[in-house]
Each structure stands twice: as C-alpha cells, then as structure tokens.
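Please keep the sequence and the model at hand while reading.

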Amino acid sequence: MTQAGPDAIVLGAGVIGLSTAICLAEAGLRVLVRTEALPARTTSAAAAALVGPLSFPPGHAASDWERVTLVEFTALAEVPHTGVRIRSGLLAARPGLPPPPNSEFTAGLEPADPDELPAGFEYGFRATLPLVDMPVYLAYLTDRLARAGGRVDVAPAESLAEVARDAPLIANCTGVGAHALVPDPEVHPVRGQHVVVENPGLETFFLEAPIGSAWAGYFPHDDHVVLGGTASVDDWNLAADPAIAREIQNRCGEIEPRLLGARVLAHRVGLRPARPTVRLEVEEIGAARCAHNYGHGGVGVSMSWGCAREAAALLVTGWSGGAGPPTVHPSPVEPG
Ligand SMILES: Cc1cc2nc3c(=O)[nH]c(=O)nc-3n(C[C@H](O)[C@H](O)[C@H](O)COP(=O)(O)OP(=O)(O)OC[C@H]3O[C@@H](n4cnc5c(N)ncnc54)[C@H](O)[C@@H]3O)c2cc1C
C-alpha cells in the first residue's frame with residue numbers, strides 16, 4: 001500500500017467502517033481506514049450490544065441487512081476471542097406499550113409466562129440472541145483487517161473531495177460525523193449512556209422494549225455487566241453524567257437486585273447516528289466512487305455485516321483498478 005497508495009479509503013473505524021473495510025480487504029483491495037477516533041473511542045464501543053431482534057419486516061431492504069448480520073454473528077459466536085456469544089434473556093414491555101415491532105419475525109422468540117416477568121412489566125418474550133462485548137469485538141475486527149492487509153490511521157477527513165484525490169474508491173462510514181462531513185443535516189445524535197459493573201453472577205440479559213428516553217436493560221459478559229440506559233435526542237454531550245449513572249443502576253437494580261451493590265467499573269457514552277433511513281448508496285465525487293454507509297441509529301451492530309457487504313459490492317461493481325474487479329464474497333468466519 002505504501003508504494004501504490006490504497007485502492008479504497010474507508011472513513012470511520014466504528015463497527016460499520018471496520019466491517020466495510022474487512023469486506024473490501026478480504027476481496028483483495030488495498031484498504032486504508034482513516035478515522036477521527038480509534039475504535040475504542042467510538043459510539044460502537046459504547047453499545048451493549050445485542051444483535052436483534054429483527055426490527056424490519058421481510059421484504060424491507062433493512063430486513064435483509066439484519067438477517068445477513070444475524071447469521072454472521074451466530075457463526076462468530078463459535079470463534080474464540082471475538083467477544084460474541086449467544087445469550088438467553090427477556091425482552092419485556094411495560095403496561096400499555098406495544099410489543100417490539102416485527103418481533104414475530106425473529107426465530108426463537110417465545111412469549112414469556114407472566115411469572116417470568118419482573119414487577120411493572122405486562123408481557124414479554126424469551127429470546128436467544130448474539131450478545132457482543134464491543135471493545136473485544138472491535139479489537140477482533142481491527143486484527144482481522146490487519147491480517148487482510150488493511151491499516152487504520154488516525155487522520156480525520158476534512159471533506160470527501162479531499163479524500164477523493166487519494167483513492168478511486170471511498171466508503172463513508174462516519175456515523176454521526178456525517179452530519180458535518182457530508183454535510184447531512186438529516187443525521188443527528190441520540191445520546192446513550194451505559195454503566196459497566198462487576199458481574200455478580202448473571203448469565204441472562206434483560207431489555208425493556210420499546211426503548212424510551214430512560215429504560216432498563218442489563219447485558220452480562222464474562223466478568224462485567226453493561227447496564228442501560230438512555231436515549232437523548234440531539235444531545236452531543238460525550239461526558240458521562242454521574243446522576244444519570246446512578247439512575248441507570250437503580251432502575252436495573254429494581255429488576256435484578258444483585259446489580260444494586262455491584263461495583264462500578266466504567267461509564268460509556270455514545271452518539272447513535274440517527275437518520276430517517278440508513279444512507280447506503282453510491283455518489284461520484286470527482287474521479288472517485290463513494291459508497292455512503294451511515295445513519296444506523298440504535299441498530300448499527302445488528303446491521304453491520306449486511307450493510308458492509310452491500311457497500312463493498314456497490315464499490316467494486318465496475319471498479320477498474322488493479323488486476324481486475326475483485327469479487328465481494330460473504331465474509332468468511334475463520335477458525336480459531
Ligand atoms: C448506548 C448505546 C447502546 C447501543 N446498543 C446497541 C445494540 O444493542 N445493538 C445494536 O445493533 N446497536 C446498538 N447501538 C447502536 C450502535 O452502537 C450504532 O448504530 C453503531 O455503533 C454505529 O456505528 P458507526 O460505525 O456508524 O458509528 P461510530 O461507531 O460512531 O463510528 C464512526 C467513526 O467515524 C469516525 N469519523 C467521524 N467523522 C470523521 C471524519 N470527518 N473523518 C474520519 N473519521 C470520522 C469516528 O471517529 C468513528 O471512528 C447502541 C448505541 C448506543 C449509544
């Protein structure tokens with residue numbers, strides 16, 4: 001890459017940028033990821049992160065992205081050191097609220113018995129879904145990209161036109177950063193805060209659905225549990241608020257009392273890149289072809305592989321660099 005320059009520059013090193021970069025690099029392209037923040041400092045690192053339940057009905061383009069991604073994460077749960085594991089848990093709604101939309105399309109969701117639900121919840125579903133320890137997963141993606149020859153540089157883009165001078169292909173995966181970079185006023189932040197506590201022995205997750213501005217959810221990983229959460233529209237503040245953190249722990253403690261006294265290990269804040277619809281399309285910028293892949297809101301992890309593959313396929317269709325157009329194949333899950 002140092003001699004000839006990259007075939008593709010991917011902007012952004014969150015879950016969307018890294019997944020897209022891997023699809024391109026594993027298809028044989030020389031890929032450079034340029035980012036403002038390293039993976040551990042992105043919104044993606046702050047996510048819980050549950051993959052599913054499916055939130056779009058069959059036939060919707062986003063439904064295909066979700067299905068492809070669910071299959072990929074289910075396979076990744078078999079691979080060591082990815083941070084992905086299959087967990088059982090409950091999705092539960094408070095009285096008067098609708099069931100999670102389209103939940104009937106997610107395989108393995110079963111109505112829960114009333115005596116399984118915590119006080120204050122009217123009905124719910126038992127679910128078994130991939131749960132992702134995001135800092136571990138982002139490190140796995142970064143390593144996988146490096147093994148495919150890709151590189152991550154901290155080098156924020158000032159404009160897409162500037163990037164177009166350095167590579168024939170661009171993937172714009174800047175999340176909420178697209179608001180200023182494109183610029184796209186339709187992208188706006190929905191701030192979320194989580195608290196990470198020591199795991200007092202939990203093995204099942206809980207998620208209040210639908211999610212409002214303040215909700216209860218806990219997601220156990222090996223030694224820690226991620227507690228949520230909040231959803232605060234048009235709030236750009238990345239600092240953790242200690243009062244909100246106490247409220248989150250108390251809300252979760254009402255459902256699972258062992259969480260009340262659990263030692264706090266960390267606070268995480270992220271800005272969900274909300275947009276009326278995901279932007280996944282190609283735009284010609286100067287001599288370069290740019291695939292936009294941003295605006296995934298609160299389901300970016302759950303759509304990551306489906307969107308990454310489609311963005312990569314949009315870029316390489318008609319690509320005339322190198323030794324001929326590479327094929328974007330389903331990203332393989334490597335053993336070990
Ligand atoms: C609290 C919380 C809980 C969540 N839980 C879930 C969940 O359970 N399941 C789920 O599917 N989703 C969940 N999400 C949503 C998910 O985290 C996001 O949809 C996803 O992380 C978006 O990924 P991204 O790569 O687009 O954005 P980001 O992770 O924000 O990455 C954007 C990247 O672009 C870079 N960038 C920005 N501007 C520029 C620029 N000018 N030049 C170069 N680089 C730039 C940034 O530095 C960063 O590297 C949650 C989000 C939050 C906040």
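Contact here means heavy atoms within 4.5 Å. The model is predicted, with local features needing pLDDT of at least 70 and side-chain atom pairs counting only at pLDDT 80 or more, while totals for chains, interfaces and linings use all residues. Residues are numbered from 1 along each chain as its sequence is written, and side-chain values use heavy atoms, with hydrogens and water left out.

**Annotated residues**
- In an unreviewed UniProt entry, the annotation "binding site" covers Y218, R272 and G298; such annotations may be inferred rather than shown by experiment.
- Y218 belongs to strand 10 (residues 214-220), strands being DSSP runs of E with at least two residues.
- Because its relative accessibility is 8%, Y218 counts as buried (under 20% relative accessible area, 1.4 Å probe, protein chains only).
- Leaving aside neighbours within four places in sequence, the contacts of Y218 include L202, F205, V226, C252 and L259.
- R272 lies in strand 13 (residues 264-274) and, not counting residues up to four places away in sequence, touches residues including T43, H188, W215 and G298.

**Ligand surroundings**
- Of the 36 residues around the ligand, T35, A37, S44, G297 and S302 come nearest, a residue being near if one of its heavy atoms lies within 4 Å.
- A polar backbone atom of E36 is 3.1 Å from a nitrogen atom of the ligand, and a polar backbone atom of A157 is 2.9 Å from a ligand nitrogen atom.
- The ligand taken alone exposes 1000 Å², of which the protein buries 94% (Shrake-Rupley method, 1.4 Å probe).

Note on methods:
Helices (H or I, at least four residues) and strands (E, at least two) are DSSP runs, numbered from the N terminus. Buried means under 20% relative accessible area, exposed over 50%, partly exposed in between (1.4 Å probe, protein chains only). A polar contact is a pair of N or O atoms within 3.5 Å; within protein, one must be able to donate a hydrogen and the other to accept it, and residues adjacent in sequence count only if both atoms are side-chain atoms.
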